[in-house]
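User: I have a model open and want to go through its packing. Can you take my questions as they come?

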Amino acid sequence: MHKTRIISLIVILLICFSTKLYPQNKALQKDEIEKSLKEAITNYKINNYEKSLRESRIALKHAIEINDNNLIARCYNIIGANFDDLIMLDKALVFYQKALYYIDKTDDSKLKAKIHNNLGNTYFFYKKEYQKGINHYEKSLQYSENSADNSRIYLRKLNITWAYFEIKNFDKGLDYLNYINKFKQYGDEPSQVALNMLNGIYNDHINDTIKANTFFMKAIALGNESHEKFDLAKTHEKYAAFLSKNHNYKKAFENIIQLNTLNRELTESIELKKTKLVGVNLELDEYKREVDKIETQYKSKQEFLLQEQSRNKKVVSIMVSLFLVSIILFYFFYQNTKLKQNNRLKDIQSKIQQNIINASIDGQESERKKIALFLHDNISALLSSAGMHLNVFSTQNEPVSEEILKTKFILEEAHDKVRDLSHELLPTLLVRFGLFYALEDLCEKNSNSTIHFEYSCTIPSKTRYHEKFEMRIYFIISELLNNIIKHSEATIASVSLVEEDSKLIINVNDNGKGYKTNKFNIIEGFGLNQIRARIKNLKGEIIVKSKIDMGTSIRIEVPIMHQS
């Protein structure tokens with residue numbers, strides 16, 4: 001015991017004086033941080049994303065240490081720009097929002113305008129949340145007007161015009177269109193492509209097809225000269241829609257081919273950028289987590305330094321106190337070590353199992369969405385293009401042969417099957433109109449002469465929750481309905497939903513043959529495990545009640561995830 005006390009005393013002394021023996025890292029000066037940040041920006045401009053991200057992280061760490069809000073905002077903005085270029089837009093959005101939080105603490109109008117514009121682009125082009133995009137564009141315009149930068153004012157108004165036209169609000173967009181037409185000398189070459197495209201869209205809206213066609217053609221010509229692929233691709237897309245509307249299917253098809261070619265080139269360009277990170281031990285998700293921890297780590301470090309200063313003033317009294325406490329703690333530690341180890345192992349196993357289940361669920365949903373979008377945006381588009389090509393051929397070669405007609409019917413059937421599969425993987429009603437429209441449609445589709453599904457809901461049909469929440473609830477209920485159809489032999493089933501205390505209450509009942517609930521896992525197998533895992537992942541509960549020949553009742557309660 002005497003030996004143990006001596007060892008404890010030595011350990012305490014080492015703890016007390018370790019920070020004295022080893023000096024802390026010295027914070028960089030502001031000019032050194034500026035230099036590191038400029039390095040990050042330079043590497044970003046030459047597409048050296050790996051080095052840019054590393055330099056910006058270093059700059060961010062030291063900017064936080066000297067508490068410079070402007071530098072912190074600039075660091076977060078360049079990090080967001082890197083992820084933006086790599087089309088990792090969810091991550092880019094997070095860092096743009098952080099940049100906005102810090103820049104709002106300063107009076108730097110120029111950087112505020114830039115960050116709001118970046119957020120506007122992200123919400124508008126990626127998230128398709130057009131009103132949020134417009135709000136950020138208008139704030140960006142306001143700050144640009146404060147700095148009296150004509151070229152930036154011009155670009156902001158061009159973006160706002162585009163946004164209003166995308167949501168068919170041509171009245172509001174017209175004032176901005178008149179401005180950019182009047183002051184187009186402030187725009188660059190790519191903006192001229194977008195300007196002519198917007199003029200084409202507006203003239204199409206007012207049914208001036210001659211002017212619209214002229215503007216679209218000019219936009220394409222300028223796009224080919226400037227090698228601006230994104231705006232050129234959008235122009236081909238809008239022009240193809242205009243031509244198809246005016247029954248010029250052959251030329252519309254040619255523009256669709258050009259659009260597909262440009263989209264492939266843009267995709268290849270993105271993949272080429274990403275290959276610059278191949279072979280480098282840089283995990284981007286881990287990078288994001290590390291950057292998120294920088295502020296927390298710095299605050300913890302500051303608190304630790306303050307505690308260290310206070311401790312050094314009272315070192316003798318603390319040593320004595322810690323010595324006595326260490327003897328008591330050692331005794332309890334020895335008694336409880338094995339119990340803690342067992343609990344820790346159980347916690348780790350539980351977390352690993354839950355993480356595996358969560359990863360499986362997230363992976364399934366991600367792949368489902370990816371496949372559905374691929375079928376809809378690519379395969380369906382190709383089949384439509386092929387059908388259009390045949391229509392053009394048919395009109396130019398009459399009489400039409402039986403083989404051509406059969407081919408048209410086969411293409412139409414394939415297009416319908418691809419569309420049905422896409423909707424089954426990711427129902428259109430769920431995406432466009434929300435959970436409650438989709439569930440009502442699901443009950444109606446599953447009802448037939450053998451079984452009828454009754455649907456009731458006290459929540460307004462137009463209510464929208466978080467996209468991921470709606471998708472998970474939809475597929476949980478869909479799986480339950482499939483189980484009823486396959487196993488219950490029921491003739492009537494019901495689905496009801498209510499909202500109570502920020503929770504969604506779901507009741508699914510049937511008048512089927514029922515079963516013993518202690519054999520539920522055996523009967524349903526992996527399907528039930530998936531349902532339970534999904535509900536647990538949503539921090540919800542499921543209660544199953546069933547009796548032989550008396551049907552089954554399932555009640556689910558999950559906390560509601562509202563739209564962010």
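User: Which residues have the most contacts inside the largest nonpolar core?
Analyst: Leu158, Ile180 and Leu198, in a core of 40 residues. A nonpolar core here is a set of buried Ala, Val, Leu, Ile, Met, Phe, Trp, Tyr and Cys residues joined through side-chain atoms within 4.5 Å. Buried means under 20% relative accessible area, exposed over 50%, and partly exposed in between, with a 1.4 Å probe and protein chains only.

User: Which helices each supply at least two residues of that core?
Analyst: Helix 7, helix 8, helix 9, helix 10, helix 11 (209-226), helix 12 (229-245) and helix 13 (249-275). Helix 8 gives the most, with eight residues. Helices (H or I, at least four residues) and strands (E, at least two) are DSSP runs, numbered from the N terminus.

User: Before I go on, what are the ground rules?
Analyst: This is a predicted model, so local features need pLDDT of at least 70 and side-chain atom pairs count only at pLDDT 80 or more, while totals for chains, interfaces and linings use all residues. Residues are numbered from 1 along each chain as its sequence is written, and side-chain values use heavy atoms, with hydrogens and water left out.

User: What is the mean pLDDT of the protein chain?
Analyst: The mean is 79, and 74% of the residues reach 70 or more. pLDDT is the predictor's confidence in each residue, from 0 to 100. Over residues 14-25 the pLDDT is below 50, and that stretch has 14 contacts in the model beyond near neighbours in sequence. Contact means heavy atoms within 4.5 Å. Where pLDDT is low, the predicted coordinates should not be read in detail.

User: Back to helix 8. How many of its residues are buried?
Analyst: 12 of its 17 residues are buried, so helix 8 is largely enclosed by the rest of the structure. Among them are Arg156, Lys157 and Asn159, as well as Leu158 and Trp162.

User: What do they pack against?
Analyst: The buried residues of helix 8 pack against helix 6 (109-127), helix 7, helix 9, helix 10 and helix 12. Just after helix 8, Lys168 takes a positive phi of about 65 degrees.

User: And which residues of helix 9 are buried?
Analyst: Phe170, Gly173, Tyr176, Leu177, Tyr179 and Ile180. The buried residues of helix 9 pack against helix 7 (130-147), helix 8 (150-166) and helix 10 (189-205).

User: What is Leu198 in contact with, outside its sequence neighbours?
Analyst: Leaving aside neighbours within four places in sequence, Leu198 is in contact with Leu158, Thr161, Trp162, Phe165, Leu177 and Ile180. A second, separate core of 38 residues includes Leu435, Cys443, Ile542 and Ile556.

User: Ile542 is in strand 4, I think. Which way do the side chains there point?
Analyst: They alternate along strand 4 (residues 541-547).

User: How many bridges join strand 4 to strand 5?
Analyst: Seven, and strand 5 (residues 551-559) runs antiparallel to strand 4. Two strands pair if DSSP finds at least two bridges between them. Three residues lie between the strands of this hairpin, and Asp549 in the turn has a positive phi of about 65 degrees.

User: Last one: is Phe469 buried or exposed?
Analyst: Phe469 is buried, with a relative accessible area of 0%. Its place is in helix 19 (residues 467-488). Beyond four places in sequence, the contacts of Phe469 include Leu504, Leu538 and Val558.
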